[in-house]
Amino acid sequence: MTLPIPQPPTIPFIGNVTSIDREVPLYSFRLMAKTYGEIYQLNMLGRFVVIVSSYDLVNEVSDETRFQKRVTGGLLQVRNLVGDGLFTAQPEEENWGIAHRLLMPAFGTLAVKNMMEEMRDISNQLLLKWERFGPDAIIDPSDDFTRVALDAIAYCSMSYRLNSFYTDTQPEFAIRMGDFLGESGHRANRPQIVQAVANIRGKQVKYEEDIRMMRGLADQIVSSRKTHPIKKHDLLDIMLNSTDPKTGQSMSEESIAQNLLTFLIAGHETSSGMMTFMVYFLLKNPEKLRKLRAQIDEVLGDREVQYEDFAKLPYLIAVMRETLRLAATAPMRATTALEDCTIRGNRGEYALKKGQSVVINTWDLHRDPKIWGEDADEFRPERMLDGGFEGKPNNAWQPFGFGVRGCIGRAFAWQEVTLVMASILQKFDLSLVDPSYTLQIKQTLTVKPKGLYIRASPRKGGVHLQATPASALMAGRDEDSADAGVVRSQAHGEGVPLYVLYGSNTGTSEAFAQRIANEAGAYGFNASIGTLDSALGKVPKDGPVVIITASYEGEPADNAARFVDWLIHLQNNNELTGVRYAVFGCGNSDWTATFQKIPTLCDELFAKYGGKRLVERGSGDAGSGDFFQKFDEFEAGLWGVLEKEYSTSRSESIAPTLEVKTVDGGKERAKALRQDDALLGRVVENRVLTKEGPVKRHIEVELPEGVTAKAGDYVAILPQNPIRDVRRVLARFNMSNEAEVILSSVGPTSLPVGKPVSLSVILQGYVELSQPATTKDLGMLSQATSSDNTRAYIEELKKNYNEAVQAKRLSVFQIIENRPDIDLSIGTFLQMLPSMRVRQYSISSSPLWNPAHITVTVSVLEAPALSGSTSVPFLGVGSNYLAGLTAGDRVQMAVRPSAAAFHPPENPSTPVVMFCAGSGIAPMRGFIQERAAQKKSGREVGEMLLFFGCRSPKADYLYSDTDLAEWVREGVVDVRPAFSRASEESEGCRYVQHRIQKDAADIRAAYINGASFFTCGSANVAKGIKAALVDMIMKHEKVDAEEATMKFEKITKGRYATDIFD
């Protein structure tokens, strides 16, 4: 008996058209595969399409005795330009057979080999461009790879030069082709009435103009060759002067022109996309890039790559295959059933009628864990080596299609990409402009990365540091700045060279690095500042090197990952001989196992490979109150050593590095500071979840266009200080809230310099106003007062620093607000403040609920000030900023992936056990929401247990009367609450750990059934949960605490993931 094919809900007349994302349809097809499984069907304006994504089903529909390629959808619209060309012909059309038989030999391996030097001609144009533009140029690799691929196919196949690298913008032909392909895709999914409206708006006129221009060029090329033949046996010559060996027919001029256009479309779109994806995957996986670079260097040295070298570069071939596995540039293809038949998948058999259109989702085929393993989402070229690729079953890897209608130009594309990428990696160090960039895609008929920008620095050359912002959010707010995007990194002036290198995701390490660079001039040093990655392989030896870096769950910051990988794998024990260095590490002790892992690693490896340590490694703990104080202590010690080592001395007459000039006192309203709309989400809903006690809110946000998120991911928010506090600062400095200033700085700074900007904007969005003062700050305040009484007060604060300042969260502003005799300029005040940090929150939704929206569940921090009963309440910056947002507000944001393990299991039948308290329910809600959508679609889902701690069912039992209640009724989740202030209503359990003890048998049963375990909450909550689980093992296994802990670590490896917050 066959199974019914699932289908999403439909809308009368148009069916499932609205289920497909207009800009990136692939997103929708993949989300529906996650929701409905390996097979589902869609009603597209009355035409039923079946989509398959598992290997078992794809293998069945790849049987050419039962299924046959038919051109449908967007490809059918492309026939408006290329007719029955090789790529778009229907199986019964005679011209396809003629062209295929004539051109197959021309695309054979030997024929393509003979195109090597023509390909190199084009490739060298790209290399020359990047070399001349220099290491600071921002490169759009998709644009340049499109130029390479388009020029190469035109020159090699028809001896025609498009000369794409000789214009600032892409040639008109390339632009029109991109527009045409995009519109063809859109037309395929538009109802006729919508298409009619599009025609009225001029889309049809533009579409026809694009077709006319491209056809005109093809006709011109054919006509020119016929009039002026050349002695070259290229593809155009073959089409003009050869006859089909089977029919004896020649190709018509129309068919020749159509196939020339087919070559240009198919030959450039896929290759350029593949190379761009390759750059992305290599830059996000530095250990793979290092291995590939080492092989290229070993084989090629300094000489140009030759055809014979390709066989000696197996890792490059593995990288290319793995890139196409994860990001096939042609993500879907269509086939049609030749007769009534059944196909067998993982769940059973499905019936198909003769003529049924079947679409293969190649992206999910290439991620089928049955073929590619549980790490199928990871970029691991090693899976393609040592027979791994050859050992895969037929049809498991289909980036070029399959069978008789597979890509005829595969050998051409393979040689082209091998040549170009080997040459680039031989000559350049590549880096992401935004190290935190995560993959977004743009889609026409093919897919490419969207918004990916890189820099290319020649490998031969000296140190060239690049001080890119730690977060794209920081850069985005300075969009209007006169020097937005400019890298202010290199030293100028006199003094001993000093190099400050940082690794930072949230901006804290970067801000510390800026402080050292700014102070350098006062101590006789000339500072350069840059990311650790920008010093890859070129650590300076002509001056001290100061490293400020952080660990993120034991991993380096995005802009330090490549450097750390290089450092770990150094072969030369004397590589860093002559380097004199110091390291300060930022971290959070809540992550005990990985606290200070990367700073410690850098410190030890620098010493191991010959470096001389100037001072002991400094360590700052963001989870404690003395974080900034620890940095001040490290910095003071560092300058003391550097003065002795380099015979410099501090100058007391150095001018301030930051100046503030008032240009508008507030009589005219300042122009608002614009932000980059590409990173702006829109608030849809903001509501209170709690009935009493500390406030918790549910906030729904529409994502910026093209941004996607998974259940378990984070959203990074760039918050603003409370208006209340901004006004207090302005009042203290006797300035209007409409005052406009121009900042100038002689050193690196995160503040907006060189342009008029509202002082309120600076205070609200660029600096932390409530950070506790450090002892260094206290020293500066002491020097700024003439009052003995105030000086004595400050000395008392210094003496009892931990109790008087740290424990009470006493900020610089609170001190100067209460001590008006402290004569501090606004510029000095701004310079004392840390840069505004990005705040990160767990996403509490699943894309299966709404792929364009996310939700967050936030605890709003408003507490009595610890500095005194008369002080205004303390407001948490991030949570109060979010709490104040209303529907329609725009919020600067970015989605960041969580650790690979902190996502719902790919197999929805895997049981899940979740432990959380308070707003720690956020990611768990997303997990449950995902399972609910899968269950509703008819998929089998595993048991979910939620252990949730809160105060009481009437106060803060989040979502208990909405989502949770519904999911419990539907059998999606079993909730086990623990009410700390109403334990009688939770079976005597006050906290989650008590509930764990009570329900230990259910937890053990879930473990035996293969469950995945997740914990989200504060450090104390996580420690309590772990202790309860270890105690379970002690009692069940009858072992002591030490052995139980060891067993816990062993049995939960790969099955227990945590997300801990402050």
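Which residues does Leu-430 touch, not counting residues up to four places away in sequence? Here are my notes; keep in mind that this is a predicted model.

1. To take that question head on: Leu-430 touches Trp-130, Val-279, Leu-283, Ile-424, Leu-425, Ile-454, Arg-455, Ala-456 and Arg-562, once residues up to four places away in sequence are set aside. Two arginines, Arg-455 and Arg-562, are among them.

2. Leu-430 also turns up in the largest nonpolar core, which has 132 residues. Together with Val-52 and Trp-130, Leu-430 touches the most other members of that core. The biggest giver to this core is helix 12 (residues 253-284), with 16 residues. As background, nonpolar side chains tend to be buried together in soluble globular proteins.

3. Next, a helix pair. The axes of helix 20 (residues 561-568) and helix 21 (residues 597-608) come within 10 Å and cross at roughly 40°. That angle makes helix 20 oblique to helix 21, and the crossing is left-handed. If you want to look at the contact itself, the helix 20 side consists of Phe-563, Val-564, Leu-567 and Ile-568. They meet Ile-598, Leu-601, Cys-602, Leu-605 and Phe-606 of helix 21.

4. Now go to helix 34 (residues 1000-1008), where the buried residues are Ala-1000, Ile-1003 and Ala-1006. Why do they line one face? Viewed down the axis of helix 34, the buried residues fall within an arc of 125°, so they line one face of the helix. Their packing partners are strand 30 (912-917), strand 31 (944-950), helix 33 (992-998), strand 33 (1012-1018) and helix 35 (1019-1037). Just after helix 34 comes Gly-1010, with a positive phi of about 90°.

5. Is Ser-509 buried or exposed? It is buried, because its relative accessible area is 1%, and the cut-off for buried is under 20%. Leaving out neighbours within four places in sequence, Ser-509 is in contact with Tyr-502, Gly-503, Ser-504, Ile-548, Thr-549, Ala-550 and Cys-586.

6. Ser-159 has a positive phi of about 55° although it is not a glycine. You will find Ser-159 in the loop between helix 7 (141-158) and helix 8 (172-188), and its relative accessible area of 24% makes it partly exposed. Asn-734, which is not a glycine either, has a positive phi of about 55°. The loop holding Asn-734 runs between helix 23 (723-732) and strand 23 (740-745). With 72% relative accessibility, Asn-734 counts as exposed, since the cut-off for exposed is over 50%.

7. Last, the start of the chain. Arg-22 lies in the segment before helix 1 (25-36) and, at 46% relative accessibility, counts as partly exposed. How far apart are the C-alpha atoms of Arg-22 and Pro-772? They are separated by 49 Å, and the two residues are 750 residues apart along the chain.

Definitions and conventions: Residues are numbered from 1 along each chain as its sequence is written. This is a predicted model: local features need pLDDT of at least 70, side-chain atom pairs count only at pLDDT 80 or more; totals for chains, interfaces and linings use all residues. Side-chain values use heavy atoms; hydrogens and water are left out. Buried means under 20% relative accessible area, exposed over 50%, partly exposed in between (1.4 Å probe, protein chains only). Helices (H or I, at least four residues) and strands (E, at least two) are DSSP runs, numbered from the N terminus. The arc is that of the directions from the helix axis to the C-beta atoms. Contact means heavy atoms within 4.5 Å. A nonpolar core is a set of buried Ala, Val, Leu, Ile, Met, Phe, Trp, Tyr and Cys residues joined through side-chain atoms within 4.5 Å. Axes are lines fitted to C-alpha atoms, for helices over the stretch in contact, and angles run from 0 to 180 degrees between N-to-C directions. Angles under 35 degrees count as roughly parallel, over 145 as roughly antiparallel, 65 to 115 as roughly perpendicular and the rest as oblique. A crossing is left-handed if the near helix is turned anticlockwise from the far one by less than a right angle, and right-handed if clockwise.
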